[in-house]
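Reader: I'm new to this one. Could you walk me through it?

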Amino acid sequence: MSAGYAERLSEYPNKGVCGLPEKYDSQQAFISKLDRLAQLMRKSKYTVVLTGAGISTSAGIPDFRGPSGIWTREQEERKR
């Protein structure tokens, strides 16, 4: 799927902090945010959704800065 992807990336000097764990909202905070989103979407005439780079991690596609991310693995390989 993403084999060799890190090797194909061009050098990028400031990739940010690598290897940080994902953060999750509490169930109460999640439900509150979801209710607010539903309200806004019901009131809107058009809805456009822009997602971040980590949106597909739950589907098994690696992110860049997470514990198993492309840049994290790249840093670990350079240490060897």
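Predicted model: local features only at pLDDT ≥ 70, side-chain atom pairs only at ≥ 80, totals over all residues.

Reader: Fine. How many helices and strands are there?

Author: The protein has three helices and zero strands, where helices (H or I, at least four residues) and strands (E, at least two) are DSSP runs numbered from the N terminus. Along the sequence the pattern reads α-α-α.

Reader: What share of the residues is buried?

Author: Of the 80 residues in the protein, 12% are buried. Buried means under 20% relative accessible area, exposed over 50%, and partly exposed in between, using a 1.4 Å probe and protein chains only.

Reader: New topic. How many salt bridges are there in the whole structure?

Author: Two. A salt bridge here is a side-chain nitrogen of Lys or Arg within 4 Å of a carboxyl oxygen of Asp or Glu. One joins Asp-25 to Lys-33, with the closest N and O atoms 2.8 Å apart. The other is between Arg-78 and Glu-74, at 3.8 Å from N to O.

Reader: Why are Arg-78 and Glu-74 about one helical turn apart?

Author: Because they lie four residues apart in helix α3, residues 70–79.

Reader: And is Glu-74 buried or exposed?

Author: Glu-74 is buried, at 12% relative accessible area. Arg-78 counts as exposed, at 52%.

Reader: Back to Asp-25. Which residues line the largest pocket?

Author: Asp-25 and Lys-33 are among them, along with Lys-23, Tyr-24, Phe-30 and Ile-55. The lining has three nonpolar, no polar and three charged residues. Asp-25 itself is partly exposed, at 43% relative accessibility.

Reader: What counts as a pocket?

Author: On a 1 Å grid over the protein atoms alone, a pocket is an open set of points where a 1.4 Å probe fits, with protein on both sides within 12 Å along at least five of seven lines; lining residues have an atom within 4 Å of a point.

Reader: How much space lies in the largest pocket?

Author: About 190 Å³.

Reader: Last one. Where is Leu-34?

Author: Leu-34 sits in helix α2, residues 27–43, and is partly exposed at 43%.

Terms used
Residues numbered from 1 in each chain as written. Heavy atoms only, no water. Points joined across faces, edges and corners; volume = space filled by probe spheres on them. Nonpolar A, V, L, I, M, F, W, Y, C, P; charged D, E, K, R; others polar.
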